[in-house]
Amino acid sequence: MNDDLSALCGGLSDADTGRRAAAAERLARLGPAGRGAAVPLVRASGDADESVREWAVAALEELGPPDVGDVGALAALLAEHNTER
């Protein structure tokens, strides 16, 4: 993952809602180049803020298939979500 992508992924966890939303928006605009952000974007899709959620989902729609290396982490998120219910 390049430095810009790492910084944007980190921005998805920022305490400031505006910064989280801006990071998700920038990732959405990256399209497939942001594939390495799939896991943090899935986490951000559950954000308390609606704009962060919407941009995270928009980014996920633009990424295409996730990297093979992210499948295990995505499956773990799914399992975690299913045990919370």
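Student: Hi! Which backbone nitrogen lies 2.7 Å from a polar atom of the side chain of D47?
Tutor: Hi! That would be the backbone nitrogen of D49. Keep in mind that this is a predicted model.

Student: Okay, and where is D47 found?
Tutor: D47 sits in the loop between α3 (38-44) and α4.

Student: Is D47 buried or exposed?
Tutor: Its relative accessibility is 13%, so D47 counts as buried; the cut-off for buried is under 20%.

Student: What is D47 in contact with, leaving aside its neighbours within four places in sequence?
Tutor: Those contacts are with R20, V52 and R53.

Student: Switching to helices: at what angle do α2 and α4 pack?
Tutor: Helix α2 (residues 17-30) and helix α4 (residues 50-63) pack at about 15°, and their axes are 8 Å apart. The two helices are therefore roughly parallel to each other, as angles under 35 degrees count that way. The crossing of α2 past α4 is left-handed.

Student: Nice. Which residues make the contact?
Tutor: On the α2 side they include T17, R20, A24 and L27, and on the α4 side they include S51, V52, W55 and E62.

Student: And by class, what does the contact of α2 with α4 have?
Tutor: Nine nonpolar, two polar and four charged residues.

Student: New topic: where is D16 found?
Tutor: D16 belongs to the loop between α1 (3-11) and α2. With 36% relative accessibility, D16 counts as partly exposed.

Student: Which backbone nitrogen lies 3.1 Å from a polar atom of the D16 side chain?
Tutor: The one of G18.

Technical notes: Residues are numbered from 1 along each chain as its sequence is written. This is a predicted model: local features need pLDDT of at least 70, side-chain atom pairs count only at pLDDT 80 or more; totals for chains, interfaces and linings use all residues. Side-chain values use heavy atoms; hydrogens and water are left out. Axes are lines fitted to C-alpha atoms, for helices over the stretch in contact, and angles run from 0 to 180 degrees between N-to-C directions. Helices (H or I, at least four residues) and strands (E, at least two) are DSSP runs, numbered from the N terminus. Angles under 35 degrees count as roughly parallel, over 145 as roughly antiparallel, 65 to 115 as roughly perpendicular and the rest as oblique. A crossing is left-handed if the near helix is turned anticlockwise from the far one by less than a right angle, and right-handed if clockwise. Contact means heavy atoms within 4.5 Å. Ala, Val, Leu, Ile, Met, Phe, Trp, Tyr, Cys and Pro count as nonpolar, Asp, Glu, Lys and Arg as charged, and the others, Gly among them, as polar. Buried means under 20% relative accessible area, exposed over 50%, partly exposed in between (1.4 Å probe, protein chains only). A polar contact is a pair of N or O atoms within 3.5 Å; within protein, one must be able to donate a hydrogen and the other to accept it, and residues adjacent in sequence count only if both atoms are side-chain atoms.
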